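Please look through the structure shown below before reading on.

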Amino acid sequence: MSASQSPLFGSVADVAERLAEVGYLASTAVATTVYLADRLGKPLLVEGPAGVGKTELAKAVAEATKSELVRLQCYEGIDEARALYEWNHAKQLLRITAGQGTQSWDETRDDVFSEEFLLPRPLLTAIRRADPTVLLVDEMDKADVEVEGLLLEVLSDFQVSIPEMGTVTATRRPFALLTSNSTRELSEALKRRCLFLHLDFPDADLERRIVLSRVPELAESLVDALVRTVRVLRGLELRKSPSVAETIDWGRTLLALGMDTLDDDAVRTTLGVVLKHQSDQVKAAAELRLN
Amino acid sequence: MSITGPIAAEHGLPGHLVDFVGALRRHGVAVGPGETVDAAQVLSVIDLLYRDQLREGLAAALLRRSGQRQVFDTLFELYFPAALGAGAGEVEVPRVGDDDDGAVDVEALRDILADLLRDGDIAALTELARAVVDALGRSGAAGSGSQGAGGQPSWSAYQALRTLSPETLLARIMDDLKAGMNGEISDFTDEMLRREIRDRIARFRKMITDEVRRRTAEIRGKEQVAKTAVPKQAEQVEFLSAYADQLAQLRRTVHPLARRLASRLAVRRKHAKRGTLDMRRTLRRSMSTGGVPMRPAFRTRRPGRPELVILCDVSGSVAGFSHFTLLLVQALREQFSKVRVFAFVERADEVTHLFEPGAELSGVMSRVLREAELVAFDGHSDYGGSFGSFAEYWGDAVTPRSSLLILGDARTNYRDPNLTVLRRLVGQARHAHWLNPEPRRQWGTGDSAAMRYADVVPMHECRTAGQLADVVEALLPV
């Protein structure tokens, strides 16, 4: 089924290396699944809590492979006119009026349903591109169940059927990446067509390196303290566990405030950066004996 | 060193993969043949020398849900073990005397362990766990009298952990660390360190258990070990037999679960936005078109946001279930106009104020037990008495607009079930439902009055979080 094309990556180590070059430090899980998605020509479904770098991954893959990123942001009520394609009605009408009297009906009819009058939306754009492309379907779980049906054809065969025109098949298969916050279960049919990656909080070492690469001005000892504190916070039963994005924010905050150690006062005053719920802050302060 | 039991499957690597998939299926991970083919493709493109990559690759192809990962990891350890036999570890376990097979010197071993836990060297801890299990299984600990040497080696996580008792090292490691920081550390730093060390100890315990499982599987066969050792997915854990940490894990799933239920509900609402045909208004409208009903009129639906009254048994036997259900209801409170919560053991008391929005909910059950007046005599649950006291003091809480939800196992300790009062309460309420965490076949056995209550109020079996979610979804108003 897959068009024969050279894979983007040579090996798992190659993935990790090239993603690191563009500033995305990948764990073994991420590097392996990205490599497999590329090799097997399957879309990659990335699930996980907010702020662990799901969308970033797509951007990094695009940058590392010098591909164009085509993004479909899902929201409640998105439909095929927004996701796949739409006919340019205004232009079609113009065409019909312009051709009045000179052309026969048959000619006009065939003409107004041609490529020229098609407004491609992200999915069709990604399929039609001849250059390397990364297709990002962001926050799939926000879209309605019906939209998943639209995606099935695109993701399994990399083609789009347009009733008036025929089937558009990918000349070059895009690297497809779907993200989900799992606010709802995606349908089995969709999941079956994808490789699945659960992106969780990184381990201590990786998180340290991520923070250092994002906020290089921070002292290494401070980053170490930061990451350790965040890990302990994640161990508490909180409404919203702090994610990597929050760790980075915390680092930036400390930098902006000019603090060079993470002592009690520093934690107490800046806890709001990592914990966004009042009840979480109260709880963390009590459990970690900050008061 | 002898390798016990054949490792190779009958049909080579593909056969082994199919065995592995079979084991996953037996543990409730639905893997279709399509996924198995994907997994085989993974095997063909990935470098099998890297075990991490193999694990992640197979997980990507076989799993479809994040909750399945634990089952997968345990089975992966059994089917694709990191080493055979004792492996080729670098770590030497200290022995009593100079003999290489002598009994293990526990004190020296604990010293090594304390150092590693303090430095947080995970790789070295893994090596140590492997060596310790091997040494203890073969030679036994000094002075314990148990001796595996000569006979069949015996692997036991319980024995290893009891001998080492890593928990008791905590104070010592803390002292070590404090000495390193010149004694002066704040409460916060102290608490941080304590938690970190505790976390490392827990990881070490898990390493020991995993290692024992692997060694046992070599002797008794992986199928045998898999049967008992693989943890259940959080949604399939039965409330009544869950351990503390399983319940804690379950509580973490409350918010995602509530969010999922709410979004499913939103879909249901959208589909049911237009009500049934309003005959009277349609005919009235048709007057202007000469009696031909051109524009049908529909009833508009009012989103029903009922009041919810929850009566829950919080006695020890069902506390885990009640707690989880209360958390779930609390997370769903936007779906109700008002929620009132009553707890009971022997008598009922209102605890709504403990479930205020923004309240800290993970310790709420202990507050319920501490602050509410629930016990009259001996602290065994008394459903009849509780319903009686509820009807007496808060009977007016149940109105024709409220839904009554009762949580409990209906085990009355042979006391009067007080069906009359319950029947009256159910009659007052708009809906009434009973959620019972016991398996249906045990209803009515022993002191359970479940069948008699079930005659009065519809009773639903809610043994697992998955079942509970289904029931709650069906009960929620459209």
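## A pair of strands

In chain B, strand β6 (residues 402–407) and strand β7 (residues 431–436) pair in the parallel sense over 5 bridges, where strands are DSSP runs (E, at least two residues) numbered from the N terminus and two strands pair if DSSP finds at least two bridges between them. Within this pair, B:Leu404 stands opposite B:Ala432 in β7(B).

This is a predicted model, in which local features need pLDDT of at least 70 and side-chain atom pairs count only at pLDDT 80 or more, while totals for chains, interfaces and linings use all residues. Residues are numbered from 1 along each chain as its sequence is written, and chains are lettered from A and ligands numbered from 1 in the order in which they are written.

## The whole sheet

In chain B, 6 strands form an open sheet with mixed pairing, in the order β5-β4-β3-β6-β7-β8. Because β5 (348–350) and β8 (459–461) of chain B stand at the edges, each with a single partner strand, one side of each is left without a neighbour in the sheet.

## Where the chains meet

In the contact between the chains, 36 residues of chain B meet 34 residues of chain A, two residues being in contact if their C-beta atoms, placed from the backbone, lie within 7 Å. The largest share of chain B's side, 7 residues, comes from α9(B), a helix being a DSSP run (H or I, at least four residues).

## Domains of chain A

The domain assignment, which is automatic or from a database, gives chain A domain 1 (12–77 + 126–198), domain 2 (85–120) and domain 3 (204–287). The C-alpha centres of domain 1 and domain 3 of chain A lie 31 Å apart, and their contact takes 8 residues from domain 1 and 9 residues from domain 3.
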